[in-house]
Amino acid sequence: MTNGVKYVPIGDVTVGVKNWNPQEFGARSFDYIDLSSVDQGEKKIVEARRIVGSEAPSRARQLVEVGDVLVSTVRPNLNGVARVTEKFSGATASTGFCVLRPTNKLDSRYLYHWVRSQSFVGDMVRKSTGANYPAVTDRTVRAAMIPLVGVDRQRWIADVLDRVDTLRAWRQHAVTELDALASSVFTELLDEFLDSPGCTLRNLGDVADIASGVTKGRKLSAGSVREVPYLAVANVQDRRLDLSGVKYIEATDGEVERYRLRMDDLVLTEGGDPDKLGRGSLWRCELPEAIHQNHIFRVRVNDAGRVHPVYLNWLISSAYGKRYFLRSAKQTTGIASINMSQLRRFPVVVPDYDMQKKFAEQVDEIERSKAVQRRSLGELDALFASLQHRAFRGEL
């Protein structure tokens, strides 16, 4: 025992749940909770599927009630965790969850926060087996240790973590709402653009220079060679860049000059999964120097007074753009990709430039607001992690 905290197996302070066979229900229906029912970001059940007993999957077995804590046993690094609320009490959970029902020695919310903690998740990841679908057993989950204090203390800790968690949820909701606002503004303006006088359609290749990038594993030509950061498909998301895992590649000075990204270049993925078609974002010189690989197209507007890069980014990533890419892409067994010719033929709706500029200014204002919310969210995330760490060590 340390700081009044003792460690006990989770199975010692939880009880088993009732299993049943839904096939006995016949044509009657019931609520079913599987992994798709849980929002892994918000860590809560967002919906339960209504299914007929005779059509129920074999995994539909566990009857849950309010206060139960569900822990996904598959891919524990994704932390598919949720707490059953009154709305879902009486539903049936998939055996893909280990269902934990606290005894009177354990507060349900305290348990919920523990199984979300880095300590618990890291323990499950280390103990998981399987290459493609790493998983743990219910027995492993129940054998895992939980730091235990008195129930009143557990409730106090849960209250503190709940309050900070609520603030985090509000901040994340604000970011989501701002994203929705920007999309709404663009949809309305696109309709306005299409009806505006002088609006024209131009092929993307007529208003922008399009190029592929550097190929990995190529034979380097003679000349000075150095390492340089490069953008891969994983770095290019939908209207944002994820630079948390930027890799380096050897390139000659000539290649660096040829493939170097410039301010307001639009980088687009050529495909792979259908959702990657036309996925792209603007390069805003986030790194002092970077090039892009051959699975990324670089689109550089060559008529700055005719097409605004921000507007072009939103047009290509909109439903309008997605429809074009899905129609044009070469598709085989779940893989879809576009080539240079198809990208050059993309029909760009070109409205009055002042209208495009007005939209870009609105987007910039929304992005500034999002940046404020994200900074606040980051601070709350750090506070929550610190409180969580201290709470389960008996230091709060």
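User: What relative accessibility does Arg49 have?

Analyst: This is a predicted model in which local features need pLDDT of at least 70 and side-chain atom pairs count only at pLDDT 80 or more, while totals for chains, interfaces and linings use all residues. Residues are numbered from 1 along each chain as its sequence is written, and side-chain values use heavy atoms, with hydrogens and water left out. Buried means under 20% relative accessible area, exposed over 50%, and partly exposed in between (1.4 Å probe, protein chains only). Arg49 counts as partly exposed because its relative accessibility is 38%.

User: Which residue meets the side chain of Arg49 in a salt bridge?

Analyst: A salt bridge is a side-chain nitrogen of Lys or Arg within 4 Å of a carboxyl oxygen of Asp or Glu. For Arg49, the N to O distance is 2.9 Å, and the partner is Asp34.

User: Is Asp34 buried or exposed?

Analyst: The relative accessible area of Asp34 is 13%. The cut-off for burial is under 20%, so Asp34 is buried.

User: How many residues apart are Glu289 and Arg260 in sequence?

Analyst: Glu289 and Arg260 form a salt bridge, with their closest N and O atoms 2.9 Å apart. Glu289 lies in the loop between strand S21 (280-283) and strand S22 (291-292), and Arg260 in the loop between helix H6 (253-259) and strand S19 (265-269). Helices (H or I, at least four residues) and strands (E, at least two) are DSSP runs, numbered from the N terminus. The pair therefore ties together parts whose separation in sequence is 29 residues.

User: How many salt bridges are there?

Analyst: Side chains of opposite charge can pair when their charged atoms come close. By the 4 Å rule, the count of salt bridges is 23.
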